[in-house]
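Colleague: I would like to go through the strand pairing in this model and hear the grounds for each assignment.

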Amino acid sequence: STVVLRPTASPGPAGFTAPSWPTLSLDLLDGGSGLPDDGPLVLVDGEPYPARYEPEDHRLHLEWWLDPGPGEHRVEVRARDRLGNLSTTAIAVELRP
């Protein structure tokens with residue numbers, strides 16, 4: 001299935017252009033040793049992409065500061081726990097104007 005996001009008109013921090021797309025927030029759960037505080041690696045269409053990780057809430061936020069443009073995109077999250085175990089998941093996200 002595909003997650004569909006439509007443009008929003010939210011203000012950005014002073015001096016920055018606000019992202020056109022709503023934030024995509026994901027839960028990251030680890031039942032073992034936990035994730036490092038710097039969080040997982042996020043890829044959008046195969047390229048590293050900035051994301052904000054909140055370790056206390058186990059939440060990952062893609063705020064679209066780098067606009068990939070409208071259309072379908074593959075968002076992949078690669079999380080390595082403190083013991084070195086790697087978990088990868090991917091979703092399709094469609095950005096619709």
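Modeller: Two strands count as paired if DSSP finds at least two bridges between them. The model is predicted.

Colleague: Why are β3 and β7 called paired?

Modeller: Strand β3 (residues 41-44) and strand β7 (residues 71-80) are joined by four bridges. The cut-off is at least two, so β3 and β7 pair. The two strands run antiparallel, and Val 44 has Val 75 in β7 as its bridge partner.

Colleague: What makes β3 and β4 a pair?

Modeller: Two bridges link β3 to strand β4 (residues 47-48), in the antiparallel sense. At least two are needed, so the pairing stands. Leu 43 is bridged to Pro 48 of β4. The hairpin of β3 and β4 has two residues between the strands, and Asp 45 there takes a positive phi near 55°.

Colleague: Why is β4 called a strand?

Modeller: A strand is a DSSP run of at least two residues in state E. β4 covers residues 47-48, so β4 qualifies.

Colleague: How do you know that β5 pairs with β6?

Modeller: Three bridges connect β5 with strand β6 (residues 59-62), again antiparallel. With a requirement of at least two, β5 and β6 are therefore paired. Glu 54 has Arg 59 in β6 as its bridge partner.

Colleague: In which order do the strands of the open sheet lie?

Modeller: The order of the three strands is β2-β6-β5, with antiparallel pairing.

Colleague: What makes β2 and β5 edge strands?

Modeller: β2 (24-27) and β5 (52-54) each pair on one side only. Neighbouring strands in this sheet are turned by 20° against each other on average, direction ignored.

Technical notes. Residues numbered from 1 in each chain as written. Predicted model: local features only at pLDDT ≥ 70, side-chain atom pairs only at ≥ 80, totals over all residues. Heavy atoms only, no water. Axes fitted to C-alpha atoms, helices over the stretch in contact; angles between N-to-C directions.
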